Amino acid sequence: MTLGTLTALPVPAPRVIDRRVAGGAMVLAPLAAVALAVPAGLVVWAGGLLGLPALAAAVLAVATVALGSRGLHLDGLADTADGLGASYDRERALSVMRKGDVGPSGVAALTLVLLVQCAALAGAVGAGHGVAAVVVAVIAGRAVLVLCCARGVPSARPEGLGATVAGAVPIPGVLLVLVTVGGLATLAPGLPWWRGPLAVLLGCVAAAALLMRCVTRLGGITGDVLGGCVEAATTAALLTLAP
């Protein structure tokens with residue numbers, strides 16, 4: 001479930017999907033993110049060998065992550081932006097998010113977030129730690145899924161991915177994943193020991209802010225909200241590591 005949901009890797013569907021499986025899948029999200037982070041890091045490294053401009057290498061790395069995840073989280077970001085921007089009526093907002101098209105709020109959110117991600121990663125590439133930045137940011141962005149699916153976070157709908165994973169991760173599991181990812185981030189090469197954990201922390205702050213807004217406006221999480229939180233966390237982490 002973890003690989004099938006978060007990556008484009010061809011894996012068989014899980015035989016059973018219940019709250020135990022769903023919670024375990026979210027806990028394992030940072031491991032699945034390695035399948036996205038490593039290719040993106042290799043793109044940045046190869047760009048340096050080939051003498052590509054920093055921005056070009058950054059754009060290719062961001063595109064690699066998008067392709068590797070089938071654009072799932074970007075789609076979630078766009079739908080969440082459209083829902084939040086459509087109406088203060090909860091049912092109207094959820095109805096807008098169900099549609100397959102992308103409205104003006106979604107287009108604006110996608111454009112701005114991708115521009116910021118590429119610019120921030122280009123800054124990290126120019127500073128000489130682009131590989132570490134993209135790896136830490138991609139993994140940190142997926143690690144926040146445990147925060148979004150923590151015990152007590154409701155689902156906005158009675159069906160869908162949000163209903164499957166909402167509240168499925170116990171608080172100790174949330175803390176274990178985030179502390180582990182933050183601890184491993186101290187080992188990121190080319191960065192002071194504190195920069196990686198700071199990126200993870202600020203990624204969590206960005207995701208938590210969007211999560212709180214969505215719970216207030218929509219009544220809980222949906223699969224789209226999870227995608228939006230992933231992109232918010234990834235962007236915040238890249239900005240932290242840009243200089």
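## A tour around helices α8 and α13

Helices α8 and α13 are roughly antiparallel to each other, a term for angles over 145 degrees between N-to-C directions. This is a predicted model, in which local features need pLDDT of at least 70 and side-chain atom pairs count only at pLDDT 80 or more, while totals for chains, interfaces and linings use all residues. Residues are numbered from 1 along each chain as its sequence is written, and side-chain values use heavy atoms, without hydrogens and water.

Begin by selecting residues 130-143, which form α8, together with residues 223-241, which form α13; the two pack at an angle of about 150°, with their axes 8 Å apart. Next, colour the residues in contact (heavy atoms within 4.5 Å): A133, V134, V136, A137, A140, G141 and R142 in α8 meet V230, A233, T234, A237, L238 and L241 in α13. By type, the residues of this contact divide into 10 nonpolar, two polar and one charged.

H129 is buried, with a relative accessible area of 8%, where buried means under 20% with a 1.4 Å probe. Among the residues that H129 touches, beyond those up to four places away in sequence, are A124, R195, L241 and P243.

Finally, select L121, V165, L218 and I221, the residues with the most contacts inside the largest nonpolar core, which has 71 residues. The largest share of this core, nine residues, comes from α8. Around I221, leaving aside neighbours within four places in sequence, the contacts include C148, V153, V165, L211 and L226.

Conventions:
Axes fitted to C-alpha atoms, helices over the stretch in contact; angles between N-to-C directions. Helix = DSSP H or I, 4+ residues; strand = E, 2+ residues; numbered from the N terminus. Parallel < 35°, antiparallel > 145°, perpendicular 65-115°, else oblique. Nonpolar A, V, L, I, M, F, W, Y, C, P; charged D, E, K, R; others polar. Core = buried A, V, L, I, M, F, W, Y, C linked by side-chain atoms within 4.5 Å. Buried < 20%, exposed > 50% of the residue type's maximum accessible area, 1.4 Å probe, protein only.
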